[in-house]
Amino acid sequence: MIYIIEQDVLNRIQQLLEFKHWTLYKLAKESNLAYSSLNNIFNRQTCPTVVTLEKICKGFNISLSEFFSFDTNPLRDESLTFEQQDLLNSYNELSSQDKMLLQAYLKGLRKK
């Protein structure tokens with residue numbers, strides 16, 4: 001029998017946050033949860049309820065089973081290198097205006 005402790009769940013959330021370059025505030029917005037609720041979970045080192053965990057998974061756009069598959073990263077696209085995935089994650093976090101600026105900058109670099 002496998003036992004999962006609170007710290008495993010919190011570590012998994014933290015791992016996914018770091019991979020996406022998200023803050024706890026961003027996760028709260030994407031999960032439709034109060035920031036204070038997520039913050040309390042981490043500050044008190046408590047395990048989120050199943051309902052809260054389902055919302056967190058929905059925010060990450062993964063299933064509960066993917067969340068608990070600790071040996072894989074459900075957010076990682078295996079067809080990309082880590083560097084490419086990191087760039088894509090960073091790009092996705094930019095505002096529309098910053099994306100346009102980055103695209104213009106990349107066009108300029110390609111002309112060299």
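A residue is called buried when its relative accessible area is under 20%, exposed when that area is over 50%, and partly exposed in between (1.4 Å probe, protein chains only). Keep that handy for the exercises.

What you're looking at is a predicted model, where local features need pLDDT of at least 70, side-chain atom pairs count only at pLDDT 80 or more, and totals for chains, interfaces and linings use all residues. Residues are numbered from 1 along each chain as its sequence is written, and side-chain values use heavy atoms, with hydrogens and water left out.

**Exercise 1. Work out which residues of helix H2 are buried, and how they sit around the axis.**

Step 1. Find H2 at residues 24-31. Helices here are DSSP runs (H or I, at least four residues; strands are E, at least two), numbered from the N terminus.

Step 2. Pick out the buried ones: Leu24, Leu27, Ala28 and Ser31.

Step 3. Look down the axis. These residues cover an arc of only 100°, so they are on the same side of H2. The arc is that of the directions from the helix axis to the C-beta atoms.

Step 4. See what covers them: the cover includes helix H1 (6-20), helix H3 (35-44) and helix H4 (50-60). Contact here means heavy atoms within 4.5 Å.

**Exercise 2. Zoom out and describe the whole protein.**

Step 1. Count the elements: 7 helices and 0 strands.

Step 2. Judge the spread. The radius of gyration is 17 Å, well over the 13 Å that the globule rule gives for 112 residues, so the protein is more spread out than a compact globule. That radius is taken over C-alpha atoms, and the rule is 2.2 Å times the number of residues to the power 0.38.

Step 3. Picture the box: along the principal axes, the C-alpha atoms fill roughly 60 × 30 × 20 Å.

Step 4. Finish with burial: 27% of the 112 residues are buried.
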